[in-house]
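User: I'm new to reading protein models. Could you take me through this one with a few questions?

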Amino acid sequence: MMPWQLLRGVLVALSLGVCSLCAGSATVHEKTVMRWNVSDPLLHGMIYEDGGLIIQKEGYYYVYSKVSFSDSGVFQHSVTLSSEKYLNNVTLMRSRTDPSASKESGSNSFLGGIFHLNEHDRIFVTVSNTSKIMQNNYESFGAFMI
């Protein structure tokens, strides 16, 4: 019998790779690479290391990331792939926001897409400046095999 777990409102089979991470108020980020709270993660079939997820089984994955940030200057949010197959990192998804067009005090960026990932590939989240991240426990990053 296959174990199941509810992940953000979706029932996911745990025999597949699945991971969901959040950034808490105590999370310390690097300048551009997001770090994640791993005290109680949903982490099955992947390894969390150095701010990223290392894929343990080749296949198609739905990858997502959501961050909230303050509106001061241009803000960029990306999900990046580091792979033995490529010499340089590859940007899988990117969002660029110029909040000067908006009068709001904060904004959100959500990225999500399906990608073929290989064993030992590493995916991670970068932003233009982590000091603009609004530490409200709503930042999230994860992937699940489909």
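Predicted model: local features only at pLDDT ≥ 70, side-chain atom pairs only at ≥ 80, totals over all residues.

User: Which strands stand at the edges of the open sheet, each with a single partner strand?

Analyst: Start with the order of the five strands, S5-S6-S11-S8-S9, where the pairing is antiparallel. A strand at either end of that order has a single partner, so one side of it is left without a neighbour in the sheet. That makes the edge strands S5 (46-49) and S9 (90-97).

User: How many bridges join strand S8 to S9?

Analyst: These two run antiparallel, with S8 covering residues 75-82. One spot to look at is Leu-81, which stands opposite Val-90 in S9. The number of bridges joining S8 to S9 is seven.

User: Why is the pair of Tyr-62 and Phe-144 tilted?

Analyst: The centres of these two rings are 5.5 Å apart. Stacked needs under 30 degrees and edge-to-face needs over 60, with the rest tilted. The pair is tilted because its planes sit at 45°.

User: How far apart in sequence are the parts that Tyr-62 and Phe-144 tie together?

Analyst: Tyr-62 lies in strand S7 (residues 59-70), and Phe-144 is in strand S12 (residues 139-145). So their pair ties together parts whose separation in sequence is 82 residues.

Methods
Residues numbered from 1 in each chain as written. Heavy atoms only, no water. Pairing = 2+ DSSP bridges. Helix = DSSP H or I, 4+ residues; strand = E, 2+ residues; numbered from the N terminus. Phe/Tyr/Trp six-rings, centres within 6.5 Å; stacked < 30°, edge-to-face > 60°.
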